[in-house]
Amino acid sequence: MVFVCAATSFPAGISQTRGQQGRRSLSWVSTQLLHWSACIAAVLMVYSLVHAGRINNADAGLVLLLLMALTVFLNGAHTGPYLYLLGTFLGVMTVSMAYIEQYIWFILLAAVIAMVVAIYRERLVGRRHTQQNDSFTKPRVI
């Protein structure tokens, strides 16, 4: 999953840095590589703890999901605000999985609510943007 999230965050960030100075784009790529390689290193450390017998597989799964939530949330500072929402969602789901036995329905409900909020927000921002553009193009009557 770390590789999937890293691979999906790169196109979004590259599209944001496109058209800017090449040095800034290169700096962004190096920051992302460091960010995701640190996450991979932490995942390998957790697996070494599982191999040593210090934690069991179920606990390792929760730790890895919490690590993924933190990494995605912090990547939101570089890529965009939707990753803050996704990181928060992953963190809340991790905690709920620890307490709720049948957590899949809770995850499904939270995912649907998050998608509805994101779509509503996107449409509201888009509507405001078009209204502002229309006000600039209409001639003023004095």
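Visitor: In what order do the elements run from the N terminus?
Guide: They run α-α-α-α-α. This is a predicted model, and its secondary structure comes to 5 helices and 0 strands.

Visitor: What percentage of the residues are buried?
Guide: Buried residues make up 27% of the 142 residues in the protein.

Visitor: And how much of the contact comes from residues 24 or more positions apart?
Guide: If you take the contacts with a separation of 6 or more, residues 24 or more positions apart account for 51% of them.

Visitor: Let's talk packing. How do α3 and α4 sit, roughly parallel or roughly antiparallel?
Guide: Helix α3 covers residues 57–75 and helix α4 covers residues 81–99, and their axes cross at roughly 160 degrees. An angle over 145 degrees counts as roughly antiparallel, so α3 and α4 are roughly antiparallel to each other.

Visitor: How close do the axes come?
Guide: The axes of α3 and α4 come within 7 Å.

Visitor: Left-handed or right-handed crossing?
Guide: Left-handed, as α3 passes α4.

Visitor: Which residues meet there?
Guide: On the α3 side you have Leu 62, Leu 65, Leu 66, Met 68, Ala 69, Val 72, Phe 73 and Asn 75. In α4 they meet Leu 83, Tyr 84, Leu 86, Gly 87, Thr 88, Leu 90, Gly 91, Thr 94, Met 97 and Ala 98.

Visitor: How many of those are nonpolar, polar or charged?
Guide: The contact of α3 with α4 divides into 13 nonpolar residues, 5 polar and no charged.

Visitor: Now the core. Which residues of the largest nonpolar core touch the most other members?
Guide: That core has 19 residues, and the ones touching the most other members are Val 2, Trp 36, Cys 39, Val 43, Leu 67, Met 68 and Val 72.

Visitor: Which elements give two or more residues to this core?
Guide: Those are α1 (2–17), α2 (22–52), α3 and α4. The largest share, 7 residues, comes from α2.

Visitor: Pick out Leu 67 for me. What is Leu 67 in contact with?
Guide: Leaving aside neighbours within four places in sequence, Leu 67 is in contact with Cys 39, Ala 42 and Val 43.

Visitor: And Thr 71, buried or exposed?
Guide: Thr 71, which has its place in helix α3, counts as buried at 7% relative accessibility. Beyond neighbours within four places in sequence, Thr 71 is in contact with His 35, Trp 36 and Cys 39.

Visitor: What does Ala 110 touch?
Guide: Not counting residues up to four places away in sequence, Ala 110 touches Phe 89 and Met 93. Ala 110 and Met 93 are 17 residues apart in sequence, and 8.5 Å apart in space from C-alpha to C-alpha.

Visitor: Last one, Tyr 82. What are the contacts of Tyr 82?
Guide: Tyr 82 lies in helix α4 and is partly exposed, with a relative accessible area of 39%. Apart from neighbours within four places in sequence, Tyr 82 is in contact with Ala 118, Arg 121 and Glu 122.

Visitor: How far apart are the C-alpha atoms of Tyr 82 and Ala 118?
Guide: They are separated by 8.3 Å, with Tyr 82 and Ala 118 being 36 residues apart along the chain.

Note on methods. Residues numbered from 1 in each chain as written. Predicted model: local features only at pLDDT ≥ 70, side-chain atom pairs only at ≥ 80, totals over all residues. Heavy atoms only, no water. Axes fitted to C-alpha atoms, helices over the stretch in contact; angles between N-to-C directions. Helix = DSSP H or I, 4+ residues; strand = E, 2+ residues; numbered from the N terminus. Parallel < 35°, antiparallel > 145°, perpendicular 65-115°, else oblique. Left-handed = near helix turned anticlockwise from the far one by under 90°. Contact = heavy atoms within 4.5 Å. Nonpolar A, V, L, I, M, F, W, Y, C, P; charged D, E, K, R; others polar. Core = buried A, V, L, I, M, F, W, Y, C linked by side-chain atoms within 4.5 Å. Buried < 20%, exposed > 50% of the residue type's maximum accessible area, 1.4 Å probe, protein only.
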